[in-house]
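Subject: The structure, and what turned up in it

Hi,

Here is the structure I said I'd pass on.

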Amino acid sequence: MRTKLLLITLLISVSLHAQHPDLWLWEENLEQLAIESDATDWEDELEELSHRLQEKINLNTVTKEQLEMFPFLSDIQIENLLAYIYRHGEMQTLYELQLVEEMDKETIGRLLPFVCVSKSRKDESFPSWRCVLKFAKQEATARFDVPFYTRKGYEKDYLGPSLYHSLRYSLRYGERIQAGVTGEKDAGEPFFALHNRKGYDHYAYYLLLKEWGRLQTLAVGTYKASFGQGLVLGNAFGLGKSFSLATAEYHAEGFRKHGSSDEYNYFRGVGGTFRLNSSWRASAFYSHRNLDGVVKNGEITSIYKTGLHRSESEVEKTHALVMQVAGGNVTYENLHLKAGVTGIYYFFNHPYEPALREYAKYNLRGNRFYNVSIDYNYRVGRFAWVGEAAKGKHGYALLNRLRYQWSGDYKLMLVHRLYTHDYWSFFGHGFGEGSAPQNENGWYVAAEVSPLARWKFFGAVDFFSFPWWKYRISKPSQGTDIMFQATFAPDEHWTMYANYRYKRKERDVTGTGGEVTLPTRHHKTRFRLNYVNNLLNLRTTFDYNHFSQSDLQYSQGWAVTQSCNFQLPSMRLTASVQGTYFHTDDYDSRVYAYEKGLLYTFYTPSFNGRGFRYSAHLRYDFRNWLMLIAKLGQTVYQDRNEIGSGNDLIQGNKKSDLQVQIRLKF
């Protein structure tokens with residue numbers, strides 16, 4: 001699974017000059033989310049967190065919105081941190097974080113790499129453009145992916161070379177101004193030829209202004225928007241089940257820039273948030289953009305999301321339809337209560353009439369749509385109640401979280417969701433078994449406890465049901481998801497954990513045409529041992545999966561992964577090597593192995609069959625203005641003589657590629 005999103009919890013280790021032990025805790029959460037998530041575009045979020053490692057946030061001037069960028073901070077912790085500074089004045093040292101109520105050692109450790117303490121300086125005036133151009137920090141990044149194999153599509157269908165490359169430019173002036181442009185060409189797409197006369201196949205450009213008088217945020221160009229709990233607009237990071245309560249939280253972020261290579265999940269237009277007074281703020285936005293798809297007889301029959309334009313058939317789908325979106329949000333917030341109203345209206349230039357199969361017959365169709373919602377966040381003491389109620393052109397959706405925190409070492413969360421089978425929400429994302437807030441009911445309860453100094457335990461159970469059919473489930477169904485993890489950290493260098501996950505769902509028996517549906521049972525177990533210091537990181541991982549469907553199907557898979565990351569400070573060089581051996585019976589028993597990727601990317605490929613994968617990753621920093629990354633990887637299958645199918649077919653059992661990334665700062 002590749003990425004080119006939310007928020008994050010992160011692979012920021014790719015941008016470190018030293019291996020900070022606490023950052024590897026974040027990486028664990030991202031890896032788990034990447035396995036479960038359909039979309040893992042976290043470029044912008046990883047870039048922002050990487051920036052925070054270099055330009056730390058001053059806690060004495062920090063805002064609530066800035067703290068909400070960190071998914072591991074709960075609402076109660078954010079409130080207590082701001083209240084502490086308000087009551088006691090400016091912090092003199094970071095050690096004062098230990099005095100903030102509900103701030104536990106683990107959370108402080110995750111926060112430390114991104115914050116600092118210094119004397120506050122208030123500057124209410126917006127900088128002049130001459131000042132911006134003189135003192136702004138600029139960055140240009142180029143990426144090249146070179147495959148050492150040939151896919152079948154290049155024989156006659158693909159119109160361009162197999163080289164992938166992208167170019168990113170960004171300008172940043174403190175917290176006030178961000179601007180940039182990104183161009184990308186996928187492998188197989190032409191460059192300055194045929195339908196790409198303007199060079200790159202995809203361009204993203206943005207301008208983001210913050211804190212300009214009453215204007216809190218202004219986004220122009222390509223941007224993302226999130227409000228409430230995501231049932232109407234859900235482009236923020238989070239909304240996933242992992243072995244941590246941090247990823248079950250959801251921080252709506254308002255407007256953010258979109259400067260990544262994702263060609264689908266963004267708006268293009270203008271959006272702004274205005275601070276009416278200390279308690280009220282209002283947001284509004286408009287988007288007009290072309291989408292890829294198929295239009296037949298004046299009707300849209302499909303929307304194409306991949307952004308690939310390699311062959312003539314794919315090129316014919318380019319910008320075939322137009323979508324316009326307008327909406328807004330009004331939010332009231334005081335010390336204990338936050339409430340908001342969100343509404344959007346969107347339509348296509350042709351009716352959207354896809355040929356829906358029976359399991360999807362209640363999915364979105366038509367031309368003009370709307371969604372409205374009320375979201376709320378009420379906190380009293382150690383209790384917090386967060387939720388959203390949404391209504392669409394058809395159906396409705398409800399999401400509620402109840403959280404109780406005895407202390408930083410004892411946390412409990414209960415989540416209930418009710419998404420009707422006919423709720424239409426083109427831009428919504430919800431917590432649950434599926435990413436779309438539709439056709440799902442469920443109760444999720446989770447707890448994190450640290451009864452001993454060096455031990456931490458996490459447990460969760462999710463009972464869910466689907467009122468209507470799902471893909472490969474030809475009847476209403478239900479399931480259970482159970483998760484448990486024990487983590488032991490004997491000292492600051494060593495950590496280890498073991499986790500177990502059991503998921504029971506129903507699925508049609510292959511070959512019965514949906515006439516027979518039986519439960520499936522999936523057991524997953526992982527053990528990981530980490531050693532981290534300022535120069536070296538060693539990580540050993542063992543995975544085992546067991547899948548069955550009654551007595552009809554039985555399969556298992558396992559993998560062993562060893563990685564080594566080290567740094568030579570005198571040479572400003574960091575290096576990583578990793579090897580994975582995998583052995584699975586089929587796709588249902590597949591395994592995943594996270595692998596260090598390029599800057600602002602996260603790479604967690606899946607493997608099925610029998611073989612091994614190895615990679616080497618080198619990063620060199622020349623002073624503070626030039627960075628070079630080179631990554632070479634190869635996958636070797638021992639049970640096949642060809643890889644993939646269709647136009648992606650590769651003759652042979654090996655797949656090798658080289659990735660190169662260059663960054664200039666000026």
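This is a predicted model: local features need pLDDT of at least 70, side-chain atom pairs count only at pLDDT 80 or more; totals for chains, interfaces and linings use all residues.

Residues are numbered from 1 along each chain as its sequence is written, and side-chain values use heavy atoms, with hydrogens and water left out.

Let's start inside. A nonpolar core here means a set of buried Ala, Val, Leu, Ile, Met, Phe, Trp, Tyr and Cys residues joined through side-chain atoms within 4.5 Å. Buried is under 20% relative accessible area, exposed is over 50%, and partly exposed is in between (1.4 Å probe, protein chains only). The largest nonpolar core has 41 residues, and L233, F267, F285, Y346, F348, F427 and F458 have the most contacts inside it. There is also a second, separate core of 22 residues, with L53, I78, M103 and L111 among them. As background, nonpolar side chains tend to be buried together in soluble globular proteins.

A nonpolar surface patch of about 1100 Å² includes L337, Y378, W385 and W443. Patches take residues with over 30% relative accessible area and no salt bridge; like charges are joined within 9 Å, nonpolar side chains (Val, Leu, Ile, Met, Phe, Trp, Tyr) within 5 Å. A salt bridge is a side-chain nitrogen of Lys or Arg within 4 Å of a carboxyl oxygen of Asp or Glu. The areas come from the Shrake-Rupley method with a 1.4 Å probe, and for residues only the protein chains shown count as cover.

Which strand gives the most to the nonpolar patch? That's β18, with three residues. Strands (E, at least two residues) and helices (H or I, at least four) are DSSP runs, numbered from the N terminus. L337 lies in strand β14 (residues 337–352), and L337 counts as partly exposed because its relative accessibility is 31%.

Next, F484, in strand β21 (residues 477–488). At 42% relative accessibility, F484 is partly exposed. β21 pairs with strand β22 (residues 494–508) in the antiparallel sense over nine bridges; two strands pair if DSSP finds at least two bridges between them. The two form a hairpin with five residues between them, and Y500 in β22 is the bridge partner of F484. Leaving out residues up to four places away in sequence, F484 touches F243, F457, F458, G459, A498, N499 and Y500 (contact means heavy atoms within 4.5 Å). β22 also runs antiparallel to strand β23 (residues 517–532), joined by 15 bridges, and D508 stands opposite T517 in β23.

Last, some backbone angles. Most residues other than glycine have a negative phi. S550 has a positive phi near 50° and sits in the loop between β24 (536–549) and β25 (553–568). Y600 also has a positive phi, near 65°, in the loop between β27 (591–592) and β28 (606–607). S550 is partly exposed at 33% relative accessible area, whereas Y600 is buried at 5%.

Cheers
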